[in-house]
Amino acid sequence: MALTLKELRNQRMLSSCLRDASAQDIEEIITKIQGIYNEVKEREERMNARNAAKQAQVANLLQQMKDSDITMEDLQAATGTAAPARAKMKVRYRFTGVDGVERTWSGQGRLPNELKKLIERDGTTKEDYRIKDEPAE
């Protein structure tokens with residue numbers, strides 16, 4: 001009969017499982033559980049000590065970086081681990097705004113205000129400003 005952690009935490013379930021056990025059996029179980037407890041406690045203490053040492057090292061490195069005026073970007077550039085730049089979205093719409101300035105839009109996100117004004121003024125649709133087979137800028 002395998003007990004889950006939830007069942008082991010429940011006193012009634014433990015009492016039910018140990019109903020037929022003798023005092024000596026229960027004492028042996030307690031001894032085994034105590035050994036397991038000591039192992040787990042030691043493992044947690046080692047992990048906590050390791051994490052504390054790591055945090056101290058990180059704090060020390062950050063202070064050294066600050067003192068030397070080194071940024072994360074400098075480190076990324078030196079190690080070649082900088083995140084690659086995202087590719088620009090392909091321009092899908094080109095229009096000359098109400099103010100006479102030529103503008104472009106990828107089609108992603110909200111409709112630009114200038115394009116909205118142009119559509120309202122001229123009675124056109126956004127498809128009228130769509131670029132036909134043009135490479136990305």
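Arg103 is partly exposed in this predicted model, its relative accessible area being 28%. The side chain of Arg103 meets that of Asp99 in a salt bridge, with 2.6 Å from N to O. Asp99 also counts as partly exposed, at a relative accessibility of 46%. Side chains of opposite charge can pair when their charged atoms come close. The cut-off applied here is a side-chain nitrogen of Lys or Arg within 4 Å of a carboxyl oxygen of Asp or Glu, and the 2.6 Å of the pair Asp99 and Arg103 is to be read against that limit.

A further salt bridge joins Arg94 to Glu102, where the closest N and O atoms are 3.3 Å apart. Arg94 is partly exposed, with 23% relative accessible area, whereas Glu102 counts as exposed at 54%. The class boundaries explain the assignment, because buried means under 20% relative accessible area and exposed means over 50%, with partly exposed in between.

Lys117 and Glu114 supply another such contact, the closest N and O atoms of this salt bridge being 3.8 Å apart. Both residues belong to helix H5, which spans residues 113–122, and they are 3 residues apart, about one turn of the helix. An α-helix has 3.6 residues a turn, so residues three or four places apart point the same way. Within this pair, Glu114 is buried, at a relative accessible area of 17%, while Lys117 is partly exposed, at 44%. Over the whole structure, a search finds 4 salt bridges.

Leu5 is found in helix H1, residues 5–9, and is exposed, with a relative accessible area of 54%. Together with Leu8 and Leu14, Leu5 forms a nonpolar patch on the surface, and the three residues have about 250 Å² of accessible area together.

The largest share, 4 residues, comes from H3.

Helix H3 also contains Ala56. This residue is partly exposed, with a relative accessible area of 47%. Ala56 and Gly107 are 51 residues apart in sequence, and their C-alpha atoms are 48 Å apart in space.

Helix H4 remains to be described. It covers residues 72–79 and is hardly covered, since the count of buried residues among its 8 residues is 0. Under the cut-off in use, buried means a relative accessible area under 20%, so none of the residues of H4 falls below that value. After H4 comes Gly80, whose phi is positive, near 75°.

How values were computed: Residues numbered from 1 in each chain as written. Predicted model: local features only at pLDDT ≥ 70, side-chain atom pairs only at ≥ 80, totals over all residues. Heavy atoms only, no water. Patch = residues over 30% accessible without salt bridge, like charges linked within 9 Å, V, L, I, M, F, W, Y side chains within 5 Å. Areas by Shrake-Rupley, 256 points an atom, 1.4 Å probe, with all protein chains shown as cover. Helix = DSSP H or I, 4+ residues; strand = E, 2+ residues; numbered from the N terminus. Buried < 20%, exposed > 50% of the residue type's maximum accessible area, 1.4 Å probe, protein only.
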